[in-house]
Amino acid sequence: MRSVTKDNITDVFTSYFGDDTDPRVKEVLSALARHIHDFAREVNLTHDEWRVGIDFLTRAGEITTAERQEFVLLSDVMGLSSLVDMLHSTPEATSSSVLGPFHVSNPPPLAVGGDMKRDYEGETVLVEGTVRDTEGNAIPGAQIDIWQTAPNGMYSSQDPEQDTHSFHGLMTADENGRYAFTTVRPVEYTVPSDGPVGDILNAAGRHPWRPSHLHYIVTADGFRSLVTEVFPDDDPYLDQDTVFGVREDLVMTYVPQPAGSFPDGFELSGKVNGPYARVDFDLVLAKA
Ligand code: BEZ
Ligand code: FE
């Protein structure tokens with residue numbers, strides 16, 4: 001096509017597909033071109049603005065390493081990661097939420113009732129619940145990969161003071177689908193904001209904070225894997241998570257418990273004499 005215009009360029013783009021192009025590739029690329037073209041027309045994109053965008057992508061590429069994925073972070077702060085999650089969630093199951101970059105492979109085993117708090121300062125939290133299906137049946141033997149920040153707001157991979165696996169654990173739910181552990185209350189923290197994505201947040205007048213949360217990946221044979229997070233209802237950033245990860249059903253409550261009431265059956269039983277907080281949170285998996 002030699003008579004390309006600003007109005008027909010999207011149609012020209014789709015006319016260039018090869019005859020045996022995969023139909024899904026065709027569908028996705030056509031829609032992408034349509035939206036990019038509409039976007040440029042809508043904002044009347046200037047050359048200077050186009051160059052800023054290209055420079056942004058170049059810097060995102062340059063800063064990306066095995067440990068730091070600036071493009072995923074871009075997707076997170078633009079709400080794309082969360083939107084993709086929501087497009088594929090099962091309404092009756094626990095909502096999924098962003099994975100984030102701080103999961104570690106090969107987490108250490110954590111027994112039901114085990115402890116992740118160790119000697120860290122901070123409020124002891126007892127978390128427990130049942131892994132079940134959408135009909136309410138327990139899922140014995142479900143695997144729950146758990147991770148969170150230390151009280152200083154850092155994940156082990158960001159903090160030379162922590163060992164690789166601190167605040168990480170892999171639990172196998174018991175014969176009743178029950179999981180339970182103790183930990184320290186996680187704190188709110190900022191996503192990495194010293195790179196190009198931070199520049200976008202600044203330009204948009206946005207902060208880089210996430211509400212505090214516990215991360216879970218829950219897997220069981222015959223069920224869809226669930227990547228999710230749970231957030232306390234009293235967190236100051238609950239309604240302004242910079243990566244849009246909060247869902248109504250992922251909000252939990254730290255219920256204060258009086259001194260002397262810590263239950264039996266935990267690694268810390270007999271060692272927690274003061275007050276502590278308790279969270280009950282069931283994890284619901286959809287059938288595969
Ligand atoms: C996290 O929750 O660990 C996280 C999620 C998205 C971006 C950065 C961190
Ligand atoms: Fe996190």
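Analyst: For sorting residues, Ala, Val, Leu, Ile, Met, Phe, Trp, Tyr, Cys and Pro count as nonpolar, Asp, Glu, Lys and Arg as charged, and the others, Gly among them, as polar. The model is predicted, and local features need pLDDT of at least 70, with side-chain atom pairs counted only at pLDDT 80 or more, while totals for chains, interfaces and linings use all residues. Residues are numbered from 1 along each chain, chains are lettered from A and ligands numbered from 1 as written, and side-chain values use heavy atoms, without hydrogens and water.

User: How does the shell around ligand 1 divide?

Analyst: Eight residues are nonpolar, three polar and three charged.

User: Which side chains make polar contacts with ligand 1?

Analyst: A polar contact is a pair of N or O atoms within 3.5 Å. Among them, Tyr189 has a polar side-chain atom 2.6 Å from a ligand 1 oxygen, Arg210 also has one at 2.6 Å, and for Tyr155 the distance is 3.4 Å.

User: Which protein atoms are donors of the iron ion (ligand 2)?

Analyst: Donors are N, O and S atoms within 2.8 Å of the metal (3.2 Å for Na, K and Ca); water is not among the atoms, so sites may look incomplete. Here they are Tyr155 (OH), Tyr189 (OH), His213 (NE2) and His215 (NE2), 1.8 to 2.1 Å away. Their spacing along the chain is Y-x33-Y-x23-H-x1-H.

Key:
A polar contact is a pair of N or O atoms within 3.5 Å; within protein, one must be able to donate a hydrogen and the other to accept it, and residues adjacent in sequence count only if both atoms are side-chain atoms.
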